[in-house]
Amino acid sequence: MLDDIAVIEFPEGTNLNITPVTLVSDYVEKEGDKAITAGYGIYKWNYDLMSETFIPERPEVLQNATVPVHVNAPVKSTVIATANLEKHSDHGDSGGPLMIERNGKIYQIGVASQSYNPHPGILINLATRLSLQCDWITKVTKYEIKCEKLPDDLNTKPPVNPVTSNPQPGSKKTNKPTTKRTSNVNGSTTLLPGTPQALKKPAENSSKRFAFNILLFLFIGILFFA
């Protein structure tokens with residue numbers, strides 16, 4: 001279910017006037033990673049007093065949110081686990097990109113698939129792991145599309161307290177270095193950098209404008225958010 005994807009080929013000569021997002025071949029989750037999920041799916045549930053039910057609200061412009069990436073989550077290795085109750089994908093976001101920012105550039109690492117609640121008060125989004133599909137993508141596109149390795153994060157700061165081989169007697173300072181990582185992007189819901197003007201308009205023709213920095217669209221065959 002989580003490996004069903006498709007490649008959509010645009011007619012020859014199509015010009016979307018946007019830079020394609022690079023597909024990643026070797027993404028491995030690390031503690032503190034933040035990903036970016038995007039789509040036109042439900043982003044708010046409003047409680048209706050008359051019907052005593054929650055009514056979904058969909059955006060008129062493409063939305064994105066920064067979500068935490070879960071390390072060692074109890075899920076299959078074919079997927080990437082992200083999100084929480086505050087920030088997550090919802091109905092209508094399936095098939096959209098899961099991305100990561102590295103050194104000011106956006107890379108795609110997954111495809112939004114489904115979500116589940118392992119325990120009350122906990123919500124996890126699952127995305128198909130793109131790196132496992134790279135060989136297939138390259139084959140069906142006749143080597144026009146190739147995944148690339150994710151570059152090292154140049155924004156990672158060096159240890160605040162360097163390791164010293166000979167600490168002074170009586171010193172209370174430890175030899176353990178402390179490393180701080182800068183966050184990728186803020187957690188607000190905004191338009192991504194490089195979003196074309198067309199995506200800033202109402203989304204009545206969203207199927208045409210959901211290009212969103214990628215020439216390659218990947219869609220899940222059997223979707224939770226369908």
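D33 sits in the loop that links strand 1 (22–23) to strand 2, in a model that is predicted. Residue D33 is buried, with a relative accessible area of 2%; here buried means under 20% relative accessible area, exposed over 50%, and partly exposed in between, using a 1.4 Å probe and protein chains only. The side chains of D33 and Y27 are joined by a polar contact of 2.8 Å, a term for a pair of N or O atoms within 3.5 Å in which, within protein, one must be able to donate a hydrogen and the other to accept it, while residues adjacent in sequence count only if both atoms are side-chain atoms.

**How to read the numbers**
- Residue numbers start from 1 along each chain as its sequence is written, and side-chain values use heavy atoms, with hydrogens and water left out.
- As this is a predicted model, local features need pLDDT of at least 70 and side-chain atom pairs count only at pLDDT 80 or more, while totals for chains, interfaces and linings use all residues.

**The overall layout**
- The protein chain has two helices and nine strands, where helices (H or I, at least four residues) and strands (E, at least two) are DSSP runs numbered from the N terminus.
- Along the sequence, these elements follow the pattern β-β-β-β-β-β-β-β-β-α-α.
- The chain has 226 residues, and 39% of them count as buried.

- Strand 7 pairs with strand 2 (residues 34–39) in the antiparallel sense over two bridges; strands count as paired if DSSP finds at least two bridges between them.
- Within that pairing, T37 has L98 of strand 7 as its bridge partner.
- Strand 7 also pairs with strand 8 in the antiparallel sense, over six bridges, and R102 has K105 of strand 8 as its bridge partner.
- Strands 7 and 8 form a hairpin with two residues between them, and N103 in the turn has a positive phi of about 55°.
- K34 belongs to strand 2 and is partly exposed, with a relative accessible area of 32%.
- The C-alpha atoms of K34 and M99 are separated by 9.0 Å, although these residues are 65 residues apart along the chain.

**The disulfide**
- The structure holds one disulfide, counted as a pair of cysteine sulfur atoms within 2.5 Å.
- C134 and C147 form this link, with their sulfur atoms 2.1 Å apart.
- C134 lies in helix 1 (residues 134–140) and C147 in the loop between helix 1 and helix 2 (206–209), so the pair ties together parts that are 13 residues apart in sequence.
- The link of C134 and C147 is left-handed, with -95° about the S-S bond, and both cysteines are buried.
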